[in-house]
Amino acid sequence: MEAVKEQWKQRVAEALREVAVDHQIDPTAVEAESVVVETPPTPELGDIAFPLFPFARIFKTAPAKIAAEVAEKLTLHSEAAAAGTVQVAGPYLNVALKMVSLAGEVCASVLDERDSYGRGQSLQGTKVMIEFSCPNTNKPLHLGHLRNDALGESVARILGANGADVQKVNLINDRGIHICKSMLAYKKFADGATPESEGLKSDHFVGKYYVKFDQWSKQDPQAEPQAREMLKAWEADDPEVTELWRRMNRWTIEGIETTYAKTGVSFDKIYYESQTFKRGREEVLKGLEKGTFYKEADGSVWVDLSEIDLDRKVLLRSDGTSLYLTQDIGTAIERHQDWPFERMIYVVASEQRYHFKVLFHVLKKLGFGWADNLYHLSYGMVNLPEGKMKSREGTVVDADDLFEQLQAMAAEEIRSKDREEHVGDVEKAAAAVAQAALNYYLLQVAPARDMIFNPEESISFNGNTGPYLQYMGARISSMLRKYEDRKAEFSDGNFQPELLEASEERSLIKLLAEYPEVVRRAGEEYNPNLITTYLYDISRTFSKFYHDHPVLHNDDPNVVITRVTLVRAILQVLQNAYFLVGIPFLERM
RNA sequence: GCGUCCAUAGCUCAGCUGGAUAGAGCAACGGCCUUCUAAGCCGUAGGUCGGAGGUUCGAAUCCUCCUGGACGUACCA
């Protein structure tokens, strides 16, 4: 579609130059770049629109008159006349495309390229590292992580679809005082219990002790100092503490990996802060030697941020230990050595904007040119219809609990529709529906905005939801199965694109043709919501199309074959787009 | 205080680099199942795009100010 628009843009520019000559104006004043290409508000007006206001000044003529003159020139171009019909609507020049060739080409390329249809080259070969999730090992994932994971995974897939060489990385926060708190509570209260002995998912088991520490510390002022003692012991490689730390981290990480598997998230490389945190300290000390940073009398090391209109920031505590920022400095440098990326994206909540501003600046100050290619993809908070999630009030929505709730609702829906026989494994289908509901709902909203997650709404099978989109794929699959059964009846038919003349068919063809553009833009903007919007658009159009235009129930085998071809192409594009936003494809539901 | 981000229908969200009467879904009301899954489709109603200026032939979109909200501004992460 982009190519088609570009062709028309050139044609209009050419016609404008001819008009310029008629008006005795220098034709070089008309540049193709200044010709704006748009889509008319309604399909009846045409498929491509050119507003001609900008030329009114150059031509000293009313835009409507220019439109008429350009239209006249275009009708004389035989090539243009063959590609579409030009019509003037006031100051707009609209083109109604002759769909036959576009329909034929689009269906052919979709069915020929299959999974690759929509893939672009805009980032061909670019090495992009993307960091997301970054859980702590003292508790399970919550709803906020789910938005992070959905965004990270989706952006990674979208960048990959634009040709980038993507590496997804996770940074597990497995050290620090908060980790020691759950360890200490376990040591004190667990009496040797294990996730198995208590029948709990292992990360939830660890989380229980983190909560327990919190309760204990409210009653006993000795709790906090003891946790600090434990951190010291950990840093001194105390064998007993290290052993406990390993065991509990393993529990948490195993549990979290189960959650990743359910929601469709994965990583190419996992970093652990326990392994990278010392690196940052070394880099800061190097910077101190070079005079990039300075030391206070108490021994703490600082960076002056006045160059970016900020105050100053501590990089090493007076006792010489690192901070969050220090660690991220080390991790970034290590990563760039491991895999020299050309771009690095951090998917982290917007509350850490300041942190990344400082981090990028510090890396730049240290002389790393690649610091310019670091990007913080920040996103807003996820709240519930009941209000904000607050960990102190225990209103944080656990990721697994939420998923389970969604899955149960989906299973209930399948049963209430008497579809158990049809879908086969109900729980498996329900899990796929839950995943679609979750990812679609989370990605539908532009990242920068705070959002409200409504579980009931997300799982609904009608409306603008993941399950609705999935349902369209299932409907097409079902239709194609029926077609395969009756194939012989239509053996006389041929694909004849001129038969696709209904307005819904025209819309569908244009949508199919636009898909590669949507993928490209989503990649440029790091924004999956362009894909979700597209998916809903094409699904709704398809839904209307097959409601009004029978595909298989048709006497003309040519119509059947032609529509089946169109429908196949739609299914292919749906599947390609599903993948980009984490919606599992279901053949039956 | 200062900084960053957000503000569109009752609710949840779209609205592309400024362009033709601002779009969906949910909720409400009303239609449509001897025909490819009614988990659907169609229609009705609902908006001075937070407010005020400005730039422009043209602003939900760009600029300034104001209001409201979120988040930062730790030797926490």
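**Legends to the close-up views**

**View 1. Gln-24 in its loop.** Gln-24 is placed in the loop that joins helix H1 (2–22) to strand E1 (48–51); helices (DSSP H or I runs of at least four residues) and strands (DSSP E runs of at least two) are numbered from the N terminus. The model is predicted, so local features need pLDDT of at least 70 and side-chain atom pairs count only at pLDDT 80 or more, while totals for chains, interfaces and linings use all residues. Residues are numbered from 1 along each chain as its sequence is written, chains are lettered from A and ligands numbered from 1 in the order in which they are written, and side-chain values use heavy atoms, with hydrogens and water left out. Although Gln-24 is not a glycine, its phi is positive, at about 60 degrees. Most residues other than glycine have a negative phi. With a relative accessible area of 76%, Gln-24 is exposed; the classes are buried (under 20%), exposed (over 50%) and partly exposed (in between), for a 1.4 Å probe and protein chains only.

View 2. Cys-134, a residue other than glycine, has a positive phi near 45 degrees. Cys-134 is partly exposed, at a relative accessible area of 24%, whereas Thr-137 is buried, at 2%. Beyond its neighbours within four places in sequence, Thr-137 is in contact (heavy atoms within 4.5 Å) with residues including Ile-172, Asn-173, Asp-174, Val-206 and Asn-249.

**View 3. Arg-246 on helix H11.** Arg-246 belongs to helix H11, which spans residues 239–263. Its relative accessible area of 46% makes Arg-246 partly exposed. Glu-282 is 36 residues from Arg-246 along the chain, and the C-alpha atoms of the two are separated by 25 Å.

**View 4. Surroundings of RNA strand B.** RNA strand B is surrounded by 65 residues, the closest being Arg-57, Tyr-92, Asp-298, Asn-462 and His-553; a residue is near the strand if one of its heavy atoms lies within 4 Å of it. Elements that each supply at least two residues of the surface near RNA strand B include helix H2 (54–59), strand E3 (92–97), helix H17 (426–444) and helix H21 (529–548). Sugar or phosphate accounts for 64% of the RNA strand B atoms within 4 Å of the protein, and bases for the rest.

**View 5. Polar atoms at RNA strand B.** A base oxygen of RNA strand B lies 3.0 Å from a backbone N or O atom of Ser-318. At Phe-461, a polar backbone atom is 2.9 Å from a phosphate oxygen of RNA strand B.

**View 6. Chain A as the setting of the views.** Chain A has 22 helices and 13 strands, and its C-alpha atoms fill a box of roughly 90 × 65 × 40 Å along the principal axes. Of its 589 residues, 54% are buried. Among contacts in chain A with a separation of 6 or more, 74% are between residues 24 or more positions apart.

Definitions and conventions
Polar contact = N/O pair within 3.5 Å; in protein donor to acceptor, adjacent residues only side chain to side chain.
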